[in-house]
Every structure is written in C-alpha cells, then in structure tokens.
Amino acid sequence: MPHVPEPPAAWKHWLGWTCAVVLAALFLVSGFWKLVDPLATEQRMVQMLFPRQIALLAAIGVGIAEAWAGLMILVPRWRKWGAWLCGLLLVAFMVYMGVNYARLTGEDCSCFPWLKRVVGPAFFVSDAAMLLGALLAGMWA
C-alpha cells in the first residue's frame, strides 16, 4: 500500500497560507506596478545601475516574473513553484544589490510603490525575511 503523506499541523498550514498571502500581495503589487508604467520602471532600473540598452526589457521581464510568482504562490496546487520563483527572484535581487552595494548604499531600491526601501543592511534583512516566508509557504503547501 503506498504511503500517503500526513497533512501538516494546523499551525503550519495557517503559517504557510499567511506567508503565501503576504508574499503574493508584495509580488503582485510590485510586478503590476512595473508593468503599468514600463518606461518609468526602465528609468528606475537605469538609476539602479542597470545598462540602459536592456533596462526596458529587464523592467518588463521582472514585472512579469514578479506578477507570475505572486499568482502562483496563491494557488495551492502551484504554491511550491511560486515559492521557488519568489525565492529565486529574492536571491537575484540580493545578489545584484550586494554586488553593487558600494554604489547603491542609501539609494531607494524602487521595489514597491509608495514604500521607500533604502539599500543598506535593513534591505537584506527584509529580503531574507521574505525568503524565509517563501520557504515556509513552499514547504507547508
């Protein structure tokens, strides 16, 4: 007889859902904000030291990836894939900011509308917290 996995404890289920909903909100808002005005996003990416030649393509690509990750992490059937995509995006953001840290310290990362996130130690702490949320959402999907 095949082994049927036991469902996670109730607190794990609710914590996973909470992480998924919070991440979905963050990624959907961020992704759609980039897609609604890709030319402004292009300018923000250039300010964040992205090469001007690929900034528009990157702006659209990042916006689509963020929106898609936000949608996927909300759907229980796709939550693990959404968590992987959220995690991959967060790691990519942290690596990029880390590589360019000396030049970007104190700058607004332009990640979310209406929210000023300055590149500095707190940026990495908040992204690490979101990465932990993605891990928990995916693990307890």
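Start with W78. At 40% relative accessibility, W78 counts as partly exposed. That value, like the others here, comes from a predicted model. W78 pairs with W68, and the pair is tilted. The ring centres are 6.1 Å apart, with 40° between the planes. Where do the two residues sit? W68 is in helix α3, and W78 is in the loop between α3 and α4, so the pair ties together parts ten residues apart in sequence. W68 is partly exposed too, at 44% relative accessible area.

Next, the other aromatics. The count comes to five aromatic pairs. Take W11 and W140. Their ring centres are 5.4 Å apart and their planes stand at 75°. Over 60 counts as edge-to-face, so this pair is edge-to-face. W11 belongs to helix α1, while W140 lies in the segment after α6, so the pair ties together parts that are 129 residues apart in sequence. Buried or exposed? W11 is exposed, at 52%. W140 is buried, at 14%. There is also an aromatic cluster, formed by Y101, F123 and F124.

Now the helix packing. α2 covers residues 38-47, and α3 covers residues 52-74. Their axes are 8 Å apart, at an angle of about 120°. The two helices are therefore oblique to each other. The crossing is right-handed. Which residues make the contact? On α2: P38, L39, T41, E42, Q43, M45 and V46. On α3: R52, A55, L56, A58, A59, I60 and V62. By class, that contact has ten nonpolar, two polar and two charged residues.

Technical notes
Residues are numbered from 1 along each chain as its sequence is written. This is a predicted model: local features need pLDDT of at least 70, side-chain atom pairs count only at pLDDT 80 or more; totals for chains, interfaces and linings use all residues. Side-chain values use heavy atoms; hydrogens and water are left out. Axes are lines fitted to C-alpha atoms, for helices over the stretch in contact, and angles run from 0 to 180 degrees between N-to-C directions. Helices (H or I, at least four residues) and strands (E, at least two) are DSSP runs, numbered from the N terminus. Angles under 35 degrees count as roughly parallel, over 145 as roughly antiparallel, 65 to 115 as roughly perpendicular and the rest as oblique. A crossing is left-handed if the near helix is turned anticlockwise from the far one by less than a right angle, and right-handed if clockwise. Contact means heavy atoms within 4.5 Å. Ala, Val, Leu, Ile, Met, Phe, Trp, Tyr, Cys and Pro count as nonpolar, Asp, Glu, Lys and Arg as charged, and the others, Gly among them, as polar. Rings of Phe, Tyr and Trp (its six-membered ring) pair if their centres lie within 6.5 Å; planes under 30 degrees apart count as stacked, over 60 as edge-to-face and the rest as tilted. Buried means under 20% relative accessible area, exposed over 50%, partly exposed in between (1.4 Å probe, protein chains only).
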